[in-house]
Amino acid sequence: MNYRMIGRFISKILLVEAAFMLPALLISFYKREIQSVYGFLTSIVITLAAALILQGLCRKARKGFYAKEGLSMGNLYWRSFTHWLGGMGVLVFVLALGRSRGNDKSGGYTMHLLRAESPGPKVGKLVPKMRDTAKILYVIYMLLTLLDVVFLLLGGMPVFDAVCTAFGTAGTGGFGIKNDSIAGYSPYLQNVCTVFMLLFGVNFACYYMLFMKQVKSVLRDEELRFYAGVVLGSILLIAWNIRGLYGSLGETLRYAAFQVASIVTTTGFATADFDLWPSFSKAILLGLMLVGACAGSTGGGFKCGRVLLLLKSLRRNVRQILHAQKVQVVRVNHQMMPERVLDNTNAYLAAYILIIIFSFIAVSIDGFSSMTNFSAVIACFNNIGPGFESVGPTCNYGGYSLLPKLVLIVDMLAGRLEIFPILILFSKSTWTRR
């Protein structure tokens with residue numbers, strides 16, 4: 001192991017991190033926030049000291065990195081675990097572990113915490129207290145992850161591989177610990193990943209209703225039925241389109257099902273180079289990138305719940321044109337949707353489209369093909385990973401220059417946080433005193 005070279009790299013990272021804290025220090029100093037000034041100043045001094053010490057100790061490092069420096073099991077586990085932790089949301093995790101305060105008189109801040117990282121057009125409680133809701137969500141999350149690990153172990157996958165793969169599946173982070181992602185594992189293990197990717201793309205409230213023996217309510221859930229219809233239809237269409245590329249019907253269905261599950265849930269695993277598939281199949285996968293999984297799941301994308309609301313809203317507007325005097329409402333699961341929810345969905349769609357357009361223009365500065373640039377934006381914005389052509393499943397984003405990479409980083413953050421928290425961050429009114 002080239003420990004000194006690793007130390008030099010860590011020292012550079014620490015220097016960059018210290019530099020990134022300077023604007024926060026200056027803002028705190030300008031606003032006379034003494035405690036914040038002290039906190040940031042202390043952090044910068046400690047970070048700089050650690051960086052300088054590492055640079056002094058590692059100044060004679062020999063150049064060169066090898067696989068053993070970049071692929072240690074500790075790093076693989078940590079990256080996989082961070083995907084799992086971020087799948088349900090760090091804020092939800094903190095909320096679940098937080099100490100309850102009697103009647104939960106929190107002024108509604110717990111709802112804002114849950115809303116900040118709960119994907120979908122509407123955030124609700126499973127039980128009266130938000131902390132208890134967060135705990136229920138994480139218990140379901142952990143049980144499903146554990147179940148995934150068990151099924152992987154039953155297929156002969158090594159314990160370390162099973163845990164890391166389950167973390168990537170549960171958090172729909174899609175980080176594979178092998179160079180070929182999941183392609184090197186047996187068909188059974190690939191099928192297990194397919195099933196659990198789809199399970200983690202379901203609204204977790206459905207699992208809670210199953211636990212409460214409300215099976216009929218789950219079966220009647222319109223978003224779940226829409227999600228299942230999209231998945232099943234996509235698998236059948238892609239399998240029909242790629243039927244000549246593989247030796248048997250079973251193999252064809254396995255590859256089609258895996259990639260549909262991986263893309264629609266925004267997991268990003270791969271068992272085949274789907275960039276070599278026919279244009280019809282790639283068009284379906286591109287559409288699935290945009291749609292995403294269910295609201296209230298760990299998946300990314302626009303969400304099936306929002307798509308369903310938009311379709312129902314469109315139908316309502318057409319009917320209003322035909323019958324102007326008749327009052328038309330939008331109902332989901334026999335419940336009337338408030339106009340505020342519909343307005344928020346429309347606003348989200350507008351922001352979603354605008355960010356994609358401006359990101360596509362900015363990323364196109366490097367001269368890659370339109371499909372490469374567009375799929376890169378879609379893949380990053382919806383937290384999928386692989387796109388098409390130069391950013392396909394066998395390629396990466398290393399060819400982009402600094403500006404496109406920064407744009408794609410912002411896209412990943414905006415997509416993961418459901419756009420509005422990032423827009424609020426850049427809003428002038430957020431930083432005013434009143």
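**Burial, charge pairs and a helix in a predicted model**

Me: Why does R306 count as buried?

Reply: R306 has a relative accessibility of 4%. Buried means under 20% relative accessible area, exposed means over 50%, and partly exposed lies in between, with a 1.4 Å probe and protein chains only. The value of 4% is under 20%, so R306 is called buried. This is a predicted model, in which local features need pLDDT of at least 70 and side-chain atom pairs count only at pLDDT 80 or more, whereas totals for chains, interfaces and linings use all residues. Residues are numbered from 1 along each chain as its sequence is written, and side-chain values use heavy atoms, with hydrogens and water left out.

Me: What makes the pair of E418 and R306 a salt bridge?

Reply: The closest N and O atoms of E418 and R306 are 2.6 Å apart. A salt bridge requires a side-chain nitrogen of Lys or Arg within 4 Å of a carboxyl oxygen of Asp or Glu. The distance of 2.6 Å is within 4 Å, so the pair qualifies. E418 is in the loop between α18 (402-416) and α19 (420-425), while R306 is in helix α15 (residues 304-322), so the pair ties together parts that are 112 residues apart in sequence. Here a helix is a DSSP run of H or I with at least four residues, a strand a run of E with at least two, and both are numbered from the N terminus. E418 is also buried, at 7% relative accessible area. K303 joins R306 and E418 in a network of salt bridges.

Me: How do you know that R316 forms a salt bridge with E339?

Reply: Their closest N and O atoms are 3.2 Å apart, so the pair meets the stated limit. R316 belongs to helix α15 and E339 to helix α16 (residues 339-363), so the pair ties together parts that are 23 residues apart in sequence. R316 is buried at 9%, whereas E339 is partly exposed at 41%.

Me: What makes D161 and K178 a salt bridge?

Reply: The closest N and O atoms of D161 and K178 are 3.7 Å apart, so this pair also falls within the limit. D161 is in helix α8 (residues 159-170) and K178 in the loop between α8 and α9 (187-200), 17 residues apart. D161 is buried at 9%, and K178 is partly exposed at 40%. The structure holds six salt bridges.

Me: What makes the nonpolar surface patch?

Reply: L146, L147, V150, F151, L154 and Y188 make a patch of about 560 Å², with areas taken from the Shrake-Rupley method with a 1.4 Å probe and, for residues, only the protein chains shown as cover. Patch residues have over 30% relative accessible area and no salt bridge; like charges are joined within 9 Å, and nonpolar side chains (Val, Leu, Ile, Met, Phe, Trp, Tyr) within 5 Å. L147 is partly exposed at 41%, so its area passes the 30% limit. Helix α7 (residues 130-154) gives the largest share, five residues, and L147 is in α7.

Me: How do you know that the span of helix α2 agrees with its number of residues?

Reply: The expected span is 1.5 Å times one less than the number of residues. Helix α2 (residues 34-57) has 24 residues, so it should span 34 Å, and its end C-alpha atoms are 35 Å apart, which agrees. The buried residues of α2 are V37, I44, T47 and A51.
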